[in-house]
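Please open the structure in your viewer and keep the selection panel within reach. The tour below goes from stop to stop, saying what to select and what is found there.

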Amino acid sequence: MPQEHPIDIEGAESLKAQGNELYRKLEYSAAHRKYTEAIKLNPRNAVLYANRAAVLLALKKYSDAGWDSEKAVELDPTYARGWGRLATAAQALATWSRCIYASQKALDCLPKENLSPEEQKMKTQFEQVLNKARLNEKKIDANTTLTGASIDQLLSGRMPWQRAAALKAEKLVSNVPSSALIVDYAYGDFKEAMDVLAETKVMSSGPGVEMISSNPKVIRCLTNAILTDTRVFTINWPDLSDRLRRQCLIEDQYFRGWATTGGPAIVKEEAPKRLKSEGWDKLRPSLSTTVRIWILSAFFRSLLLSHHDFALEMYTNAIEVLEWGRKQWPNVSRDVRGCVFENSFIRGVKKLKLEAMHASVFRGEDKYTFQDLITFAEDIVVSAVTELPSTENFHPGHFLAYWMYPTGTASSVIGWCHLQKALRSPKGDPEKTSSFEAAAQHYLAAAKALPEDEEQHSRFLQKHLECLCFLKKPLRETLPLCQRIRGALDQALDIWSIPPYGDIIRVTLDQVKGFQDKYKQQIADGKCTLDSIGELPTLKRPPQPPPVDIRFRDA
């Protein structure tokens, strides 16, 4: 039996006072350390956990804040402030049923009459959180259907995975990278997961009691598909959200994961203990399931419910645990600790987080700067170029998904940041030209990382062309690029002809063809030469968010 340390109430109170003072000074990380030290001296004090939860809320670590809050109310079920912080954490994570329960418990813990001013303030706050949670819970059912392909599209044989299946053998023989290989690879996992999910049976075994029969491999297959290519997700099950929520609970319980009980802190605390007592055969699926449920929840709740903050936290949680695991067990083989701790898997998760960060900036939110995006994206690129894939059981779709596509995505985000900086720089700014040059360079790198028949490849080449036109490059440079883009667009249409991809490809094709035809004719008519400068017409794009002050930070 582990030896318990003696309780030191006086020492814990001293550390709590120091933590409180640091918290008032907004020194949250230092306050967190003090509360943690205090908990070691007196782990039975609910206030210490609630105070550390307050720090974690300030640090926006909502999963860990929820776990600390639950520990506080476990120690003292009548502690209103502990329930209130649990409700706040649940609200931030958009887990509305949990938020409703915690808010009501917080209200129940307050006196029914003769409230002090502080208690009245708490009551008002709890009621506001409760009412908002109830309102949001009602909205969920109306927004839980993924846009599905029409029957006509499915029967046409033109869906990307249908075209990929038809072209797969030809592409493998040609030994040329193709988006057909990554789509086919992703769809295999997606279809397997959907087939299993469709067979899940829910049976009643009495009033209010359900028995569920399900195969616990849905989460693994779905997360593999998400990390490979999210474009294969197209389904219109009305109850998809409920099915996924239920499956996550089943697998988390079956493999004894931590996905629904806390964040990285509890995993780091309990995983080494479980390894020591039960070994890798028990710990490996627990860790893998936890991380995969975070990834799955992030993707679907962002897609279905627009819970973007939740998605960012879940991706962050997953990356934190995965990187911690690599350092914790550096010499343990892949077969023993699991594939989730491989650099390639982590890179796939980072790609998803980068896309979420990019979307946040595009929406005009102030969570990240351009430099935040660039730094995070550069880490992905460095990771991909410094690690060679294993030749054992090599699959071209896997290589594309975990090496080339993360590189392409990261390079395009860097290019976008530099382009935005250039466009927002005032005329005459000496850095304007260098920003356009950097944007052109990174968009070209993004295109080169992807297969030529990938719909994004030609889009990134088009952005490269756009940057060259801003830089006033001559037609002898831009016209050959137009021909290259048109060739890539024709290839992409063979796989990506359906909306929305085909629509974007055709708009890009019309723009590039118009530019090329216009200036080739002017050259033929003697109105300009190859040393002349062409002007690229602006693409018709969706409305842009209002300009926001998103500055580069000094390195």
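This is a predicted model: local features need pLDDT of at least 70, side-chain atom pairs count only at pLDDT 80 or more; totals for chains, interfaces and linings use all residues.

Over the face of which residue does arginine 301 lie? Select arginine 301 together with phenylalanine 310, and you will find the arginine over the face of that phenylalanine, at 3.7 Å from the ring centre. A charge sits over a ring here if NZ of Lys or CZ of Arg is within 6 Å of the ring centre and within 35 degrees of the ring normal.

Residues are numbered from 1 along each chain as its sequence is written, and side-chain values use heavy atoms, with hydrogens and water left out.

**The nonpolar cores**

Select Leu222, Phe233, Leu287, Phe300, Tyr315, Trp329 and Val349, which touch the most other members of the largest nonpolar core, a set of 128 residues. A nonpolar core is a set of buried Ala, Val, Leu, Ile, Met, Phe, Trp, Tyr and Cys residues joined through side-chain atoms within 4.5 Å, and buried means under 20% relative accessible area, with exposed over 50% and partly exposed in between (1.4 Å probe, protein chains only). Helix α14, residues 280-305, gives the most to this core, with 13 residues; helices (H or I, at least four residues) are DSSP runs, numbered from the N terminus. Now select leucine 287, which, leaving aside its neighbours within four places in sequence, is in contact (heavy atoms within 4.5 Å) with Trp258, Val267, Ala271, Trp280, Trp329 and Phe341. A second, separate core has 19 residues, among them Leu86, Ala94, Cys99 and Phe126.

**A covered helix**

Next, select residues 218-228, which make up helix α11, a mostly covered helix with 10 of its 11 residues buried. Among the buried residues are Val218, Ile219, Leu222 and Ile226, and cysteine 221 also counts as buried because its relative accessibility is 0%. If you then show α10 (179-199), α12 (240-254), α14, α17 (343-362) and α19 (396-424), you will have the helices against which the buried residues of α11 pack.

**Aromatic pairs**

A search of the whole structure finds 20 aromatic pairs. Select tryptophan 324 and tryptophan 329, whose rings form an edge-to-face pair, 5.1 Å centre to centre with 75° between the planes. Rings of Phe, Tyr and Trp (its six-membered ring) pair if their centres lie within 6.5 Å, and planes under 30 degrees apart count as stacked, over 60 as edge-to-face and the rest as tilted. Tryptophan 324 counts as buried at 15% relative accessibility, and tryptophan 329 counts as buried at 8%. Then select Trp161, Tyr187, Phe190, Phe233, Phe299 and Phe300, which ring pairs link into a cluster.

**Around helix α21**

Select aspartate 453, in the loop between α20 (431-449) and α21, where this residue is buried with a relative accessible area of 3%. Its side chain is joined to that of serine 178 by a polar contact of 2.6 Å. A polar contact is a pair of N or O atoms within 3.5 Å; within protein, one must be able to donate a hydrogen and the other to accept it, and residues adjacent in sequence count only if both atoms are side-chain atoms.

Move on to lysine 463 in helix α21, residues 455-470, and you will find that this lysine is buried, with a relative accessible area of 14%. The side chains of lysine 463 and glutamate 466 are joined by a polar contact of 3.1 Å.

**Backbone stops**

Most residues other than glycine have a negative phi, and most peptide bonds are trans. Select lysine 60, in the loop between α3 (46-58) and α4 (62-75), where phi is near 65°, a positive value. Finally, select proline 499 and proline 500, which are joined by a cis peptide bond with omega near 0°; proline 500 lies in the loop between α22 (475-493) and α23 (501-524).

Note on methods:
Helices (H or I, at least four residues) and strands (E, at least two) are DSSP runs, numbered from the N terminus.
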